[in-house]
Amino acid sequence: MILTKAQYDEIAQCLVSVPPTRQSLRKLKQRFPSQSQATLLSIFSQEYQKHIKRTHAKHHTSEAIESYYQRYDLPAPLEDEDQLRAKGYDKTPDFILQVPVAVEGHIIHWIESKASFGDECSHHAYLHDQFWSYWNRFGPGLVIYWYGFIQELDCNRGRGILLHACFPTDIVTLCHSTASP
């Protein structure tokens with residue numbers, strides 16, 4: 001399918017106002033019925049990748065990280081990938097918690113964030129190349145596939161690797177209290 005720049009720009013502009021969901025893709029197809037589903041999906045994916053690349057840095061400033069710690073009541077445990085590499089770690093998860101937290105009754109020592117959908121092929125590659133080595137080095141962890149994942153892939157919880165499609169809201173942190181005399 002060949003589009004004019006104006007046609008592409010119209011589709012891309014429409015994507016700015018819709019969340020990255022299947023329902024949005026259906027609406028896009030309704031709005032642009034002459035375009036193939038595959039073309040729209042490809043444009044949708046490319047534009048969203050551009051958005052992620054443009055906004056990635058703002059989420060990794062010290063101010064943003066501190067606000068996330070506060071928002072999710074995370075301990076100031078937390079070392080990001082850059083800090084870990086500076087200490088000499090080669091393959092590292094996105095975050096290692098200096099003080100573990102519990103998610104759905106499971107202790108979590110690290111968090112890996114994937115800006116993708118967790119399909120069988122990519123998940124098994126990540127398990128082999130990353131997740132199990134994180135588990136061996138740091139203990140149990142949490143993988144967040146921000147665009148969802150195949151439900152049956154969440155089968156390693158008992159072995160220490162949880163999958164989520166968003167940041168968990170039921171985090172239990174260890175609270176330090178001072179004992180009274």
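**Helices, a pocket and a positive phi**

Author: In helix α3, the residues Thr-39, Leu-40, Ile-43, Phe-44, Glu-47 and Thr-55 are buried. Seen down the helix axis, these residues fall within an arc of 130°, so they line one face of α3. The model is a predicted one.

Reader: What span should helix α1 have, and what is the distance between its end C-alpha atoms?

Author: Helix α1 covers residues 5-16, which is twelve residues. At 1.5 Å a residue they should span 16 Å, and the end C-alpha atoms are 17 Å apart, which agrees.

Reader: Which residues of α1 are buried, and which are exposed?

Author: Ile-11, Ala-12, Cys-14 and Leu-15 are buried in α1. They cover an arc of only 155° around the axis, which puts them on the same side of α1. Lys-5, Ala-6, Gln-13 and Val-16 are exposed on the other side of the helix. As for packing, the buried residues of α1 lie against α2 (22-31) and α3 (37-55).

Reader: Why is Glu-10 called partly exposed?

Author: Glu-10 has a relative accessibility of 41%. Buried would need a value under 20% and exposed a value over 50%, so a value in between is called partly exposed. Glu-10 therefore counts as partly exposed. Its place is in helix α1.

Reader: What does Glu-10 touch beyond its sequence neighbours?

Author: Leaving out residues up to four places away in sequence, Glu-10 touches Arg-31 and Phe-32. Glu-10 and Phe-32 are 22 residues apart in sequence, and their C-alpha atoms are 9.6 Å apart in space.

Reader: Why is Ser-24 called buried?

Author: Buried means under 20% relative accessible area. Ser-24 has 6% relative accessibility, so it counts as buried. This residue is part of helix α2.

Reader: Which residues are in contact with Ser-24, apart from those within four places in sequence?

Author: Ser-24 is in contact with Val-18, Pro-19 and Phe-44. From Ser-24 to Cys-14 there are ten residues in sequence and 10.0 Å in space, C-alpha to C-alpha.

Reader: Which residues line the second largest pocket, and what is its volume?

Author: The volume is about 220 Å³. The lining consists of Ala-12, Leu-15, Val-16, Val-18, Pro-20, Phe-44, Glu-47, Tyr-48, His-51 and Arg-54.

Reader: Which element gives the most to that lining?

Author: Helix α3 does, with five residues. Both α1 and α3 supply at least two residues each.

Reader: What classes of residue make up the lining of the second largest pocket?

Author: The lining has seven nonpolar residues, one polar residue and two charged residues.

Reader: What is the phi of Glu-104, and where is this residue found?

Author: The phi of Glu-104 is positive, at about 50°, although the residue is not a glycine. Glu-104 is found in the loop between β2 (95-103) and β3 (106-114).

Reader: Is Glu-104 buried, exposed or partly exposed?

Author: The relative accessible area of Glu-104 is 38%, so this residue is partly exposed.

Reader: How many helices and strands does the chain have, and what share of its residues is buried?

Author: The chain has six helices and six strands. Their order from the N terminus is α-α-α-α-β-α-β-β-α-β-β-β. Of the 181 residues in the chain, 35% are buried.

Methods
Residues are numbered from 1 along each chain as its sequence is written. This is a predicted model: local features need pLDDT of at least 70, side-chain atom pairs count only at pLDDT 80 or more; totals for chains, interfaces and linings use all residues. Side-chain values use heavy atoms; hydrogens and water are left out. Helices (H or I, at least four residues) and strands (E, at least two) are DSSP runs, numbered from the N terminus. The expected span of a helix is 1.5 Å times one less than its number of residues. Buried means under 20% relative accessible area, exposed over 50%, partly exposed in between (1.4 Å probe, protein chains only). The arc is that of the directions from the helix axis to the C-beta atoms. Contact means heavy atoms within 4.5 Å. On a 1 Å grid over the protein atoms alone, a cavity is a set of points where a 1.4 Å probe fits but cannot get out, and a pocket is an open set with protein on both sides within 12 Å along at least five of seven lines; lining residues have an atom within 4 Å of a point. Grid points are joined across faces, edges and corners, and a volume is the space filled by probe spheres set on the points. Ala, Val, Leu, Ile, Met, Phe, Trp, Tyr, Cys and Pro count as nonpolar, Asp, Glu, Lys and Arg as charged, and the others, Gly among them, as polar.
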